[in-house]
Amino acid sequence: MSKVLVSDPIDQAGIDILSQVANVDVKTGLKPEELVQIIGEYDALMIRSGTRVTKEIIEAGTQLKIIGRAGVGVDNVDVPAATRQGIVVVNSPEGNTIAAAEHAIAMMLSLSRHIPDANASVKRGEWDRKTFIGAEVYKKTLGIVGLGKIGSHVAAVGKAMGMKLLAYDPFISTERAEQIGCQLVDLDLLAQQADYITLHIPKTPETTHLINAKMLAKMKPTTRIVNCARGGIIDEEALAAAIKEGKIAGAALDVFESEPLGESPLKSLGKEVILTPHLGASTTEAQVNVAIDVAEQIRDVLLGLPARSAVNIPGLGPDVLEELKPYMQLAETLGNLVGQLAGGRVQLLNVRLQGEIATNKSQPLVVASLKGLLYQALRERVNYVNASIEAKERGIRVIETRDAAVKDYAGSLHLEATGSLGTHAVTGALLGDGEIRLTNLDGFPINVPPSPHMLFTLHRDMPGIIGKLGSLLGSFNVNIASMQVGRKIVRGDAVMVLSLDDPLPDGILTEITKVPGIRDAYTVTL
């Protein structure tokens, strides 16, 4: 039975799900060296923000198949190292969406009305109303940096409160922003016009210190900033200086460049600054949601199923996975097949999306094709996570093309590989019930479902060849499950595809090529 290590506190609902398929050990507060010593025993690791999963830990986890982060951010996981080892890294991109959005709104309102300081004042026995005169958000401009799920929810609430919405997000269209109710602008204009700025973006090399002294100088003296996203997006020293000098009105931060927050100039500021200890996802509902979401993904991966929110499988979000899952199985099957036909050392793979699927994302299908292509060489060591890396290291060049004009099926996938046995091509499609069909082999039309043991021949279309081949296989006690011939013209070249009940015995392939009229023969095991 699989083993799962839970190294940070998670809701019991997640533990219960994991216990269905694995032995679960909950060991929180481990030091890095302690985690390195024991991680090799486990198939999966589930964490929150407390555990930092370094390259050293990942390399020691020789049995690890998946690392699950019960939350959104995975900056405490060395994702490139995990990818290189073929370990899936998953998160819960939607489990705490509402909690994080609500906290950002709460921080904005608390900052506007000085609620934390006013509360503390009353509890000290004071009744000082003049000190805590606030500002209304109604008809003010809210600048939203990042219009993902959390930013979009903040936009909806801001719009309901009568705010004007500006947004900066280089990855969405103007039309999408307008649907949400935002005017899409560049970051400089947002900084200049917004009364409130709320951040909802990941921390990357590009976004580190995105809000810096130069950006703060562009803001109005009445601007207030809220950050419930990731620490490090704001230059905290520059922010403290801007507030102290009156360049902006204040800030509310839930996340920090170093956590727990140590010595910081922000702590010495008054009611203009609100600081909370990373509470964005700290609701009962969110903790249950993220625990269930990530535990279900770990369970699925341990059962051999795909994860719906893997952060290191290119282009494979949950919506894409659901839509393309049948075609990914098709791509993997075709990749396995054409890889065997082309030979072990493949130099080039051409992936062509045809018909309706030409409008879909190509990257997941390319990854699935490479996984199938490399399976014979790497077996279980290749997966959707590391297939592209393994292909690149083997010098396999990949070409992606699209042809929406092909109408032989609603949608089909064409793979062409060049390897040590030459160049071969195979096309496949899905029937209405999701059944895979091979529809073309090296330019010859066929209509064959793939089977575990297959024999392909290139031969001259002439009387007697089918009978001779059947007799030869019978003499070796090989039973034929099905057979089909594909040809372009009568008495020209043709291909024969046979599905066999058993693998071919050693030496029989040589005998097959001796049959008059048969030019070549290949076996494929799927």
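Predicted model: local features only at pLDDT ≥ 70, side-chain atom pairs only at ≥ 80, totals over all residues.
Residues are numbered from 1 along each chain as its sequence is written, and side-chain values use heavy atoms, with hydrogens and water left out.

Buried denotes under 20% relative accessible area, exposed over 50%, and partly exposed the range in between, with a 1.4 Å probe and protein chains only. Strands (E, at least two residues) and helices (H or I, at least four residues) are DSSP runs, numbered from the N terminus. Two strands are taken to pair if DSSP finds at least two bridges between them.

Strand 16 pairs with strand 15 (residues 411-419) in the antiparallel sense over 8 bridges. These two strands form a hairpin with 2 residues between them, and glycine 419 stands opposite glycine 422 in strand 16. Strand 16 is also joined to strand 17 (residues 436-441) by 5 bridges, and the two run antiparallel. Here glycine 428 stands opposite leucine 438 in strand 17. Strand 16 and strand 17 form a hairpin with 5 residues between them, and glycine 434 in the turn has a positive phi of about 85 degrees.

An open sheet is formed by 5 strands in the order 2-1-3-4-5, with parallel pairing. Strand 2 (22-26) and strand 5 (88-90) stand at the edges with a single partner strand each, so one side of each is left without a neighbour in the sheet. From one strand to the next, the twist averages 15 degrees. Angles run from 0 to 180 degrees between N-to-C directions, and axes are lines fitted to C-alpha atoms, for helices over the stretch in contact. Within the sheet, strand 3 (residues 44-47) and strand 4 (residues 66-69) pair in the parallel sense over 4 bridges. Methionine 46 has glycine 68 in strand 4 as its bridge partner. Helix 12 (residues 284-302) packs on the sheet, touching strand 1 (2-6), strand 2, strand 3, strand 4 and strand 5, and its direction makes about 175 degrees with that of strand 3. Contact means heavy atoms within 4.5 Å.

Leucine 109 lies in helix 5 (residues 97-113) and is partly exposed, with a relative accessible area of 31%. Leucine 109 touches Ile115, Val137 and Met161, not counting residues up to four places away in sequence.
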